[in-house]
Amino acid sequence: MELPDFMSYANKFSPSDFVDKVARVAKRAGAKLVYAALILYYTLQSDKVSTTDKALIVGALGYMISPLDAVPDAIPIIGLTDDLTVLVFVLKKVWGNVEDEIKDKARQRLTKWFDEDEIKEIDDFKF
């Protein structure tokens, strides 16, 4: 799958739109997609991340919350695969800046939307 120019979606990102979208699609998206999005969201807030990496994160999160993307979110099963692909692509680029505190914060937030069995999906989430 070829990645779209997700940086063109940077203007779609806002913290409130991000939280609204994640809350709306959490169960359908699955714990891994939400965990990846939360890690990027919390990494964006870190002062230890370069401006370039922050721009990538904003583009990826903007792509995720935009209703206009390569594969519409409303399509069952595959609708969120492009979102996950973009999130994982950017997450791999910034993974060296992701501190354990950020991972813990993201995991803690998952407990608001998922039960313990669903959260276990992220136990093998590494790069």
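**Entry 1, the pocket.** I started with the second largest pocket, which holds about 150 Å³ of space. This is a predicted model, so I keep that in mind for everything below. Which residues line the second largest pocket? I noted Tyr-42, Gln-45, Ser-46, Asp-47 and Lys-48 from one stretch of numbering, then Glu-99, Glu-101, Ile-102 and Lys-105. Sorted by class, the lining has 5 charged residues, 2 polar and 2 nonpolar. I also checked which element gives the most to this lining: helix α5, residues 100-110, with 3 residues.

Next I took helix α2 (residues 31-44) and helix α3 (residues 51-65). Their axes come within 10 Å and cross at roughly 140°. Angles over 145 degrees would count as roughly antiparallel, so I put α2 and α3 down as oblique to each other. The hand of the α2 and α3 crossing is left. From α2 I listed Leu-33, Ala-37, Leu-40, Tyr-41, Thr-43 and Leu-44, and they meet Lys-54, Ile-57, Val-58, Ala-60, Leu-61 and Met-64 of α3. The class count for the contact of α2 with α3 came out at 10 nonpolar, 1 polar and 1 charged.

How far apart are the axes of α3 and helix α4? I have 9 Å, with a packing angle of about 170°, and α4 covers residues 81-94. That angle makes α3 roughly antiparallel to α4. Their crossing is left-handed. On the α3 side I wrote down Asp-53, Leu-56, Ile-57, Ala-60, Leu-61, Tyr-63 and Met-64. These meet Asp-82, Asp-83, Val-86, Leu-87, Val-90, Lys-93 and Val-94 in α4. For the contact of α3 with α4 I get 10 nonpolar residues, 4 charged and no polar ones.

Last pair. The axes of α2 and α4 lie 10 Å apart, and the helices pack at an angle of about 45°. I therefore have α2 as oblique to α4. α2 passes α4 in a left-handed crossing. Who makes the contact between them? My list for α2 is Leu-33, Ala-36, Ala-37, Ile-39 and Leu-40, and for α4 it is Asp-83, Leu-84, Leu-87, Val-90, Leu-91 and Val-94. By class, I noted 10 nonpolar residues and 1 charged residue in the contact of α2 with α4, with no polar ones.

How values were computed. Residues numbered from 1 in each chain as written. Predicted model: local features only at pLDDT ≥ 70, side-chain atom pairs only at ≥ 80, totals over all residues. Heavy atoms only, no water. Axes fitted to C-alpha atoms, helices over the stretch in contact; angles between N-to-C directions. Helix = DSSP H or I, 4+ residues; strand = E, 2+ residues; numbered from the N terminus. Parallel < 35°, antiparallel > 145°, perpendicular 65-115°, else oblique. Left-handed = near helix turned anticlockwise from the far one by under 90°. Contact = heavy atoms within 4.5 Å. Nonpolar A, V, L, I, M, F, W, Y, C, P; charged D, E, K, R; others polar. 1 Å grid on protein atoms, 1.4 Å probe; cavity = no way out; pocket = protein on both sides within 12 Å on 5 of 7 lines; lining within 4 Å. Points joined across faces, edges and corners; volume = space filled by probe spheres on them.
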